[in-house]
Structures are given as structure tokens and as C-alpha cells.
Amino acid sequence: MSNTILITGGATRLGMMIAEHFASKDYNIAIHYNNSDQSAKQLVKTLSTSKNLIKSYQANLLNHSAREHLIKTVLEDFSSLNILINNASIFNKTSFLDTDHQTIMEYLNLHLMAPFFLIQYYAKLCKTGHVINITDTRITKNKTDYFPYLLSKKSLSNLTLMLATELAPAIKVNEICPGKILPSKDPKIDISDHILQKKLPSKKRSCASQLIETINFIINNNPIGQQFFVDGGEHLL
């Protein structure tokens, strides 16, 4: 049977592109989504072939019981799960002084607690495999207008390193830290990104294909506890 990948937030944007790539390589794909029901159904229809199994799973990862249920349900359907990609994310501009209790808990819940328990259930039930956490190139920075976002992504980065040690060698935990991969819906952000691009060591932005190739590298070469910056050198600035 083909290898199986579970992608959280897999129905849209970057998660969808990862799903499309690995489906083309005849992987089985478990697509997690929260609110993107129509996108998930269409993606399953588009990607399904005679060589693989594509299924979608609705789960609110802010709900603790939904996390364990997701892993168990995927295993019931596929019998094995080789790769877990923690990609689900929220991203809104919020300063430290404007961050209330509900907001910070939502970010920490989705970016830290959800991966924590998904990986825990994965480790208990699957025993071996790969975990890839998607964080952000800005984990090297400390000043931001996206305070709860960055704090929670930094926390996920630290969790990655701790679990890489805790779960090795059976489960290999790594992290991809992307820069700007996809265009923003906010034109003001795109203007500032264009200015930043000129400052990048590579003088060009990273792209989704580079991130996907990084996932391929991890799966095929078995690194442990590595941070892969796919950002055109932005983390060096």
C-alpha cells in the first residue's frame, strides 16, 4: 500500500498544494480541514485516482477531543500513517498590547497544543514515521506586529526540537520555516513584501515548490531535529 500523509489545514492554499504534489506521486492523502468543506470535497474529487486513496476529515483542532479522534479515524481508514504535517494556521495582525486572553489562547491552542497532542497520539499509535511542523522564518525575530502568531510559532519551533530528541529515532521530527510563499489578500502587505524582497540575500522570494521539495528531502533522507528555512535568506536579516 502507498504511504499515507495527513496534512492539517490541507484543503486550501499551501496545504492544498502539498496534497496535490503527493497525490501525483501516488501517496494516500488524509486532508484535514475545519471550515473549508467545499474546498475539501472538491480536492478529494480532483485528486482521487485508482492508485491512491484520498479522504477529507473535518475537525476543529481547538477542541482537544477532536485531535485524538482525527488520528484514530485516519488510522481506521488507511491502516497506517507514515507522515504527519502540522500545517493548520491562523494569521492576523495583533500587537502585544491589543492581544486579549481569548486571542492568545486561540493561537497557542492551534499552533502549539494541537500539534503537541496530534504528535503524541501519532507516536503512541503509529510508533514510526515522520512529523513535519510548518512554522515561520520569523521565529528568529523578536519584534513583530503579529505578536500572538509569532509567539505561538516560536513555541511550536521549540516543541519540534524537544520532540526530535524525545521521539528519535523511530519518529523523526523536523521543521520547515517558510518565508512568504503565497500572495496576501491585503495589497498593503504585498507592497511591503516587495520592498523586503529587494533586501533578501537571494533577491527573490521562496515558492511553494521549494517547500514541497524540502518535504521530499526530509522524507527521503531522514534528518532529525532540523530547521529548514525556505525563505530566500530572510532569516539572516
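This report walks through the fold of one predicted protein model, from its overall size to one pair of strands.

Because the model is predicted, local features need pLDDT of at least 70 and side-chain atom pairs count only at pLDDT 80 or more, while totals for chains, interfaces and linings use all residues. Residues are numbered from 1 along each chain as its sequence is written, and side-chain values use heavy atoms, leaving out hydrogens and water.

Let's start with the whole protein. It has seven helices and seven strands; these are DSSP runs numbered from the N terminus, with at least four residues (H or I) for a helix and at least two (E) for a strand. From the N terminus, the order is β-α-β-α-β-α-β-α-β-α-β-α-α-β. The radius of gyration is 17 Å, close to the 18 Å that the globule rule gives for 237 residues, so the protein is as compact as a globular protein of that length. That radius is taken over C-alpha atoms, and the rule is 2.2 Å times the number of residues to the power 0.38.

The C-alpha trace spans about 45 × 40 × 35 Å along its principal axes. Of the 237 residues, 49% count as buried, meaning under 20% relative accessible area with a 1.4 Å probe, protein chains only.

Now look at one part of the chain:

| Element | Residues |
|---|---|
| strand β2 | residues 28–33 |
| helix α2 | residues 37–47 |
| strand β3 | residues 54–58 |

Strands β2 and β3 run parallel and are joined by five bridges; strands pair if DSSP finds at least two bridges between them. H32 stands opposite Y57 in β3. Together, β2, α2 and β3 make a right-handed β-α-β unit: with the strands pointing away from the viewer, the path from the first strand over the helix to the second runs clockwise.

Notes:
Buried < 20%, exposed > 50% of the residue type's maximum accessible area, 1.4 Å probe, protein only.
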